[in-house]
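Here is a quick tour of a protein model, written for someone who likes to know the cut-offs behind each term. Have a look at the sequence and the structure first.

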Amino acid sequence: MEVGSKNNLLYFFKSDVFLCFHREDTREGFTGYLRDALLKKHLKTSKDVQRSKDRPISEPIEEILKSRLSVVIFSENFASSESCLEELAMILECREALGLEVLPIFYKVKISELRHQVVGKTAEHLAAHDERHGGNSDKVARWRNAVKDLGGLSGYTRRPGYVSRRLVYIN
């Protein structure tokens, strides 16, 4: 590798960490504290832009591809959001195809709910998507597989209870 090419690779990355999370569940609490801790360590995070139906799907794909690491904060209502599920599926596809590093944080959810999808809020939200998309949607099957795959990754678990700034400590 040429000396110049390593520097060019550093400019390729738009951010150090792509944060994937359900905005209403964690933006003002856990995710905000995590972002502050990352910034204190001089790590850039992806933009926190509310996805809308008008936002092109290429925007999160580009941000995911141009990040060194994706942190998925899977919370109680994460699976209620089609945009969160789509981002999760893209992240795991990039992990498989490109070796993207993925760190899951299971925020107030049981990992078994993700793996089995039989009981709990995650199962309810996925069933609602099935109903909305006609029961046999390839899109919903892709999301279900992504949720199950995420449940199989090693990560961190944050149980219900007290959230403070001290919760997020990065060495």
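Among contacts in the protein with a separation of 6 or more, 79% link residues 24 or more positions apart; contact here means heavy atoms within 4.5 Å. Bear in mind that this is a predicted model: local features need pLDDT of at least 70, side-chain atom pairs count only at pLDDT 80 or more, and totals for chains, interfaces and linings use all residues. Residues are numbered from 1 along each chain as its sequence is written, and side-chain values use heavy atoms, with hydrogens and water left out.

The protein has eight helices and four strands, taken as DSSP runs numbered from the N terminus (helices are H or I with at least four residues, strands are E with at least two). In order from the N terminus, the elements go α-β-α-α-α-β-α-β-α-α-α-β. The accessible surface is about 10,100 Å², and carbon and sulfur atoms own 51% of that; the areas come from the Shrake-Rupley method with a 1.4 Å probe, and for residues only the protein chains shown count as cover. Of the 171 residues, 43% count as buried, where buried is under 20% relative accessible area, exposed is over 50% and partly exposed is in between (1.4 Å probe, protein chains only).

Now for the strands. β1 and β2 run parallel, joined by six bridges, and S15 has S67 in β2 as its bridge partner. β2 also pairs with β3 in the parallel sense, over six bridges; strands pair if DSSP finds at least two bridges between them. On that side, V72 has P104 in β3 as its bridge partner. To get from β2 to β3 the chain goes through α5, a right-handed β-α-β crossover: with the strands pointing away from the viewer, the path from the first strand over the helix to the second runs clockwise. β2 is largely enclosed by the rest of the structure, because six of its eight residues are buried.

Which residues touch the most other members of the largest nonpolar core? Of its 27 residues, they are V72, F74, F78, L88, I91 and L150. At least two residues each come from β1 (15-21), β2 (67-74), α5 (82-98), β3 (101-107) and α8 (138-151), with α5 giving the most, eight residues. A nonpolar core is a set of buried Ala, Val, Leu, Ile, Met, Phe, Trp, Tyr and Cys residues joined through side-chain atoms within 4.5 Å. Leaving aside neighbours within four places in sequence, F78 is in contact with residues including C20, F21, V72, C84 and L88. Another core, of 10 residues, lies apart from the largest one and has V17, L34, V71 and I105 among them.

|---|---|---|
| R23 | helix α2 (residues 23-26) | 10% |
| T45 | loop between α3 (30-40) and α4 (58-65) | 16% |
| H125 | helix α7 (residues 121-132) | 16% |

A polar atom of the R23 side chain lies 2.8 Å from the backbone oxygen of F21. T45 has its C-alpha atom 5.3 Å from that of S15, 30 residues away along the chain. The T45 side chain also makes a polar contact with the side chain of R35 at 3.1 Å; such a contact is a pair of N or O atoms within 3.5 Å, where within protein one must be able to donate a hydrogen and the other to accept it, and residues adjacent in sequence count only if both atoms are side-chain atoms. Not counting residues up to four places away in sequence, H125 touches E76, N77, A79 and S80.
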